[in-house]
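Q: I would like to learn how to read a predicted model one feature at a time. Where do we begin?

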Amino acid sequence: MKIILHILVKDLRRQWIEISLFVLVCIAWVWQTAHPSSWEWFRQRELVPVLLFGMWFLVVIRAVQGECLVGDREFWMTRPYRWPQLMVAKALFLALCLNLPLFIAQLFLLSAAQIPLSWSLLPGLLFLGLEFAFFLTFPAAALAAVTQSVVQWGLALVGMLVYTLMLSWLPWNKLPDGLEGGQNLCASLDMALIAPALAFILLWQYARRRVRPPRLVFAGILLTIPLIILLASSPFIRSIAYPQAKGSPPLRISIAENNGDPTRTYTRSGGFDGAASEISIPVSAAPADSDTIVNVDGLRVTLVADNGWRWQSPWQSRSVRFSKNSPNGSLSFSMPEDQAIQMAKLHVKASVELAFTVYRLGAPHRVDTRADRFQLSGNTYCSWHRQDFSFFNGVETRGLDCEAALHLPVIMQIQMESGSGSCSQPPDQPPIPAGHYAADIEYGTDLPADFDPNPAHKVRLFFGSWIPPIPNPRDPKDNLTAWPCRGVPLEVRTGLFENRVRASFDLGFIGSEEPISPESKYIFDSE
Amino acid sequence: MYAIQTIDLNKRFRRVHAVRDVNLTIGEGAVYALMGPNGAGKTTLIKLLMNLISPTKGRILMLGAAGYRVEGKGLETVGYVSENQKLPDWMTVGRFLAYCRPFYPTWDRSLEQRLVKRFGLPLKRRLKHLSRGMKMKAALTSALVFRPRLIVLDEPLSGLDPLVRDDLMESLRELAAEATILLSSHDLAEIESFCTHVGFMDEGRLLLSESIADVRARFRRVSATNHAPLAGSPAPPPAWLQFETNASSSRWIETGYDAERSAAQAREFFGPVEISAQPITLREVFLALARTNHPLIPGEAAQ
């Protein structure tokens, strides 16, 4: 321990300038984040975060390269250093000089966001510190362990960025879309590969200082990136991320009736000059119960006509949410223009395979919103603010500013009902009749903290239109948007991720024999 | 016990075979001078010994430890200084010595003070502001004050003025009694007065490795006079280096001198002849070996 502290003190002496600069940048960042309006004049607002991370990397590089692990001319290599002691000294130094100032800055930011500081926040803040160590310090230190100077480190980074840029030029759009579940799975797989690889690089360099194997490992990491991207869109990963639903799927789906019209419609847009057409089928999808929210992450459509014509889309990434209260939506997919034109002339039967995420909501609790500031849920707090909404023709109304400490729940549904509480519309609008509701759904994480240096996450609630819709008297084509007002009771439900599954649904016959121009609507047969 | 032993040591840098099949043994208490022209492989060999680079093939035993890795605690008894070592330039001399101190349980504060005084080290000056000679003195001080069992010096005298050299040699002489010293140097005059053993490397091979006394006894400049002119150009025996001849006299460097045997060999080569032999300096041995790239001459292990 004595030697560890001895090396630590030496590094503090050596890097006091960089450490001081980092602390100064931290202070500037806290000030900027806590007082955004006072920085309006400052055009380069992004400069401070860039400086913050730049200084972070610089401190890491200089700390690791203080006892450079590359080459054979460093005096320390022939001194009786024990490599585990050296590693621990460096880790302590980085925790002390980077994580500790950031931790204190985060406490200030939470405090500035009026989030009560309590011990319950500590695990999340420590987790956030670990995330920063893992995602910033760890890779930077591994790269510093195989380079000799800051310049060489920078050149290696530029090389990696160029490589990534070159990868982005590859025709990835020829691949089927990778769905969220598959991407998450591949990201986890990537982490599972990269984390031990980086650990190996650091351990190897401290224990052996032979730079060729770790450099090869670095090259290997870079080579796995395109493989991981390929894997994300592969049927194999999709089938693991979204296994076939067992028994009845947690969703019933049917083509939506068009305002009682027995005919069904779909819309087609785009498709000009050879571009793909976007086909949108309005559907009604009801989860099994009111506690379930289903988020469609992607779909694959199969169309079969009476005359034997058949077309199947590749898997396409889409995001549509269905709940018991909000069962209507549309399933959209891209289709080559010539196929879309052909389809319009045929009686076509559609079936769709959906990949979706299922969330389960917990018990609701009502939130009194009469106070200036109130607790929405857990570590999420809201306060009323004055703001002009041009949507309301310049009439002053009130809105909500919410901040969540560390992270939002996996899913949070906030619902308000018309006619209740003291919510009133601007004077020139008719009062909202009772029997309507509006809901906002926010997504978060089940981890103790989101990867964001600022632990006070701003949440802007947006409730969308009233359900059932209320036509806007000024513009009948439009529906009234629901805005919360002080005093309106909110019903909040938080929930958890339940599973991801894949299921097929038969939508029935769709199609038209009317040859109509591309931008018009197509009429489908009902079954 | 050997302080250093290498077994079939090889090091390749792609196409360059820097160290070839080196079997070096240095006994405890020896002061071993490693000589050789530039690019002979001396520094590579020393880096291999110090575990700064890995051998392509072969084994190294340091201070009786098995395996080729001298590291961590093992370095508490090894002092190493190289002419091109990177020191922590941002430190002052005093801070540098204070920083090194806790790593060595045998650090001798009084020796530190003596060396600082002898070398005239400015304790409050940063290493980056020191001259090359002063830097070398600081490095040497940090490598000697813990009284290492093995001192390895790679070109420690290179570029130093005579005063600094004297200071350094004086300090080494003091420590020679209790340590094994391996040093590579081009400064043959200094080495000759100081070393007990010598090794000569060329093109990665260790061509010679034995005690100074044996080298002095073995290497002689031999002159042969009043012999008959040589018919044609007969090849001299392989043990004769730098052979020169004119009508009735010849001279060469005999690599395995023995008065009777050498005289007999000369008579066999020239016929009736008078020969005389004179000792030569280490410098002359070095030059003779370097110019002829003589194949390995078996010598005794430096013990």
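A: With one residue: A145(A), leaving aside its neighbours within four places in sequence, is in contact with V64(A), L69(A), I201(A), L202(A), Q205(A) and P214(A). Bear in mind that this is a predicted model.

Q: Which residues touch the most other members of the largest nonpolar core?

A: The general idea is that in soluble globular proteins nonpolar side chains tend to be buried together. Here the largest nonpolar core has 113 residues, and V60(A), A144(A) and A145(A) touch the most other members. Another core, of 87 residues, lies apart from it; A138(B), F146(B), L207(B) and L241(B) are among its residues.

Q: How many helices and strands are there in chain B?

A: Chain B has nine helices and 14 strands. Its C-alpha trace spans about 70 × 40 × 35 Å along the principal axes, and 42% of its 303 residues count as buried. As for contacts between residues at least 6 apart in sequence, 73% of those in chain B join residues at least 24 apart.

Q: What span should helix α5 of chain B have?

A: Count its residues: α5 (residues 162-176) of chain B has 15, so at 1.5 Å a residue the helix should span 21 Å. The end C-alpha atoms are 20 Å apart, which agrees.

Q: Which residues of α5(B) are buried, and which exposed residues are on the face turned away from them?

A: An α-helix has 3.6 residues a turn, so residues three or four places apart point the same way. In this helix, V164(B), L168(B), S171(B) and L172(B) are buried. They lie on the same side of α5(B) because they cover an arc of only 100° around the axis. The face turned away from that buried side carries the exposed residues P162(B), L163(B), D166(B) and E170(B). The packing partners of the buried residues are α3 (109-119), α4 (132-144) and β8 (180-184) of chain B.

Q: Where do the chains and domains touch?

A: Between the chains, 21 residues of chain B are in contact with 16 residues of chain A. That side of chain B consists of 13 nonpolar, four polar and four charged residues.

Within chain A, the division is into domain 1 (2-169), domain 2 (251-350 + 501-524) and domain 3 (369-488). Domain 1 of chain A has 16 residues in contact with 14 residues of domain 3 of chain A. On the domain 1 side, α5(A) gives the largest share, seven residues. By class, that side has eleven nonpolar, four polar and one charged residues.

Key. Residues are numbered from 1 along each chain as its sequence is written. Chains are lettered from A and ligands numbered from 1 in the order in which they are written. This is a predicted model: local features need pLDDT of at least 70, side-chain atom pairs count only at pLDDT 80 or more; totals for chains, interfaces and linings use all residues. Two residues are in contact if their C-beta atoms, placed from the backbone, lie within 7 Å. Ala, Val, Leu, Ile, Met, Phe, Trp, Tyr, Cys and Pro count as nonpolar, Asp, Glu, Lys and Arg as charged, and the others, Gly among them, as polar. Helices (H or I, at least four residues) and strands (E, at least two) are DSSP runs, numbered from the N terminus. A residue is buried if 20 or more other C-beta atoms lie within 10 Å of its own, exposed if 12 or fewer, and partly exposed in between; C-beta atoms are placed from the backbone. A nonpolar core is a set of buried Ala, Val, Leu, Ile, Met, Phe, Trp, Tyr and Cys residues joined through C-beta atoms within 7 Å. The expected span of a helix is 1.5 Å times one less than its number of residues. The arc is that of the directions from the helix axis to the C-beta atoms. Domain bounds come from an automatic or database domain assignment.
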